Amino acid sequence: MTSPPSDQTPGRQPGTGLRADAERNRDRILAAARRLYATEGLGVSMASVAREAGVGKATLSRRFATREELVNAVFADRMDAYAAAVAEALADPDPWHGFTGYVQAVCAMQAADRGFADVLTMTFPTARALEARRAESYSAFLELIARAKDSGHLREDFVPEDLVILQMANAGVIAAAGDAAPDTWRRLVGHVLRSYAAPGAPIPALPEAPAPTALYRAMVRLSRTGQGTAQGGGIGS
């Protein structure tokens, strides 16, 4: 009896070097990491990811030796979307509209995924694919800034670091507001975009402020988790 081809031995997927069960474990790990990172951020431990995936630590380390490797795999598609957003902004015939749309899009990505919010404000030197995509997006963003300034609508003193500062602030608002006031970040971004505008530039509409009761619930939530203090007599009291 002849042996089956090497890429079709029992337990293997044709055309891959991973056994079928190993590939399933990898998929389970990635799915678990996406869930945890999206809701809890990148502070989640590798052990927690292993538990969520239902695999042992050794299995996790065989697939992803470091946190950076796991982050790179989990957020590859998010970084693709990040790069696509700036490309779309550059294609906008109105440079100022493209600029403001890009800022709003990036901040929306942060709000949709706490893990990605962390990725945008951290660096992962050993995650080469992720960092290469970030560098590509940054180069395109510099061009977007130049075009918006040439239009006369973006302040001349705007610098790329201002977006990083906004992303840091936005990440904090997203984490603080949580599910109690999930759209709070929109108000922050609206105010900041107005501060970026040069005199005479079209001003983006300012999103509505969250309800006082929603902000109060967020404050109470912070006090219970030890991240802040809800002051008596504060909003909604």
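Predicted model: local features only at pLDDT ≥ 70, side-chain atom pairs only at ≥ 80, totals over all residues.

Helices (DSSP runs of H or I, at least four residues) and strands (DSSP runs of E, at least two residues) are numbered here from the N terminus.

Residues are numbered from 1 along each chain as its sequence is written, and side-chain values use heavy atoms, leaving out hydrogens and water.

Helix α9 itself covers residues 161–177, which is 17 residues. From first C-alpha to last it reaches 24 Å, close to the expected 24 Å, where the expected span is 1.5 Å times one less than the number of residues. Its buried residues (under 20% relative accessible area with a 1.4 Å probe, protein chains only; exposed is over 50% and partly exposed lies in between) are L163, L166, Q167, N170, A171, I174, A175 and A177.

Stepping back, the chain has 11 helices and zero strands. Of its 237 residues, 39% count as buried.

Axes are lines fitted to C-alpha atoms, for helices over the stretch in contact, and angles run from 0 to 180 degrees between N-to-C directions.

| Helix pair | Axis angle | Axis distance |
|---|---|---|
| α5 (residues 76–91) and α8 | about 20 degrees | 9 Å |
| α6 (residues 95–112) and α8 (residues 128–150) | roughly 135 degrees | within 8 Å |

The angle makes α5 roughly parallel to α8, whereas α6 and α8 are oblique to each other. Under 35 degrees counts as roughly parallel, over 145 as roughly antiparallel, 65 to 115 as roughly perpendicular and the rest as oblique. The crossing of α5 and α8 is left-handed, and so is that of α6 and α8; left-handed means that the near helix is turned anticlockwise from the far one by less than a right angle, and right-handed that it is turned clockwise.

In the second pair, P95, G98, F99 and Y102 of α6 meet F141, L144, I145, R147 and A148 of α8. These contact residues comprise seven nonpolar, one polar and one charged, with Ala, Val, Leu, Ile, Met, Phe, Trp, Tyr, Cys and Pro counted as nonpolar, Asp, Glu, Lys and Arg as charged, and the others, Gly among them, as polar.

Key:
Contact = heavy atoms within 4.5 Å.
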